[in-house]
Amino acid sequence: QVQLVESGGGLVQAGGSLRLSCAASGSVFNIKAMYWYRQAPGKQRELVAEMVVGGTTNYADSVKGRFTISRDNARSTVYLQMNDLTPEDTGVYSCAHEVWVSGGLHDYWGQGTQVTVSS
């Protein structure tokens, strides 16, 4: 089992920055990949950024050059640094981890944190 807790959301003006954190606890030794998703009001959830452990990072086209996903192994925490925010970045941001458990991959999700960007 893996528990994920996000923090760092809030209200920010357009052009501002926020850093989201996702702290993991539990079976954090077999993480395959980590993800940040967001869901805007009335829209489907979309993948914003992903980091494959020991591998690559990928971003949605809409956030490339503005958002950065990173990881602090010692703290079992993954971050999403968000710069130059626009109102279109408003939504509930959730982190997810893909974890090897008993030979199979399982997905774990945090509760989400609200990001609101005012114009």
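Student: Is valine 78 buried or exposed?
Tutor: Valine 78 is buried, because its relative accessibility comes out at 0%. Keep in mind that this is a predicted model.

Student: Okay, and which strand is valine 78 in?
Tutor: Valine 78 sits in strand E8.

Student: What does valine 78 touch, leaving out residues up to four places away in sequence?
Tutor: Its contacts are Leu20, Ser21, Cys22, Met34, Trp36, Ile69, Ser70, Arg71 and His97.

Student: How far apart are valine 78 and tryptophan 36?
Tutor: In sequence they are separated by 42 residues, and in space their C-alpha atoms are 9.2 Å apart.

Student: Switching to the big picture: how many residues are in the largest nonpolar core, and which touch the most other members?
Tutor: That core has 28 residues, and Trp36, Phe67, Leu80, Met82 and Tyr93 touch the most other members. The strands that each supply at least two of its residues are E1 (2–7), E3 (18–26), E4 (31–39), E5 (46–52), E7 (67–72), E8 (77–82), E9 (91–101) and E11 (113–118).

Student: Which strand gives the largest share of this core?
Tutor: That is E3, with four residues.

Student: What about E4, how many of its residues are buried?
Tutor: Seven of the nine residues in E4 are buried, so the strand is mostly covered.

Student: How many bridges does E4 make with E9, and in which sense do they pair?
Tutor: E4 and E9 are antiparallel, with eight bridges.

Student: Which residues other than glycine have a positive phi? I'd like a couple to check.
Tutor: Aspartate 84 is one of them, with phi near 50°, and serine 102 also has a phi near 50°. They are worth a look because most residues other than glycine have a negative phi.

Student: Where are those two, and are they buried or exposed?
Tutor: Aspartate 84 lies in the loop between E8 and E9 and is partly exposed, at 45% relative accessible area. Serine 102 is in the loop between E9 and strand E10 (104–109), and at 79% relative accessibility it is exposed.

Student: Last one: what's going on with arginine 38, is it buried or exposed?
Tutor: Arginine 38, in strand E4, is buried, with a relative accessible area of 5%.

Student: Which side chains does arginine 38 make polar contacts with?
Tutor: Its side chain makes a polar contact with that of glutamate 46 at 2.6 Å, and another of 3.4 Å with the side chain of serine 62. Beyond residues up to four places away in sequence, arginine 38 touches a list including Val48, Phe67, Asp89 and Tyr93.

Key. Residues numbered from 1 in each chain as written. Predicted model: local features only at pLDDT ≥ 70, side-chain atom pairs only at ≥ 80, totals over all residues. Heavy atoms only, no water. Core = buried A, V, L, I, M, F, W, Y, C linked by side-chain atoms within 4.5 Å. Buried < 20%, exposed > 50% of the residue type's maximum accessible area, 1.4 Å probe, protein only. Contact = heavy atoms within 4.5 Å. Pairing = 2+ DSSP bridges. Polar contact = N/O pair within 3.5 Å; in protein donor to acceptor, adjacent residues only side chain to side chain.
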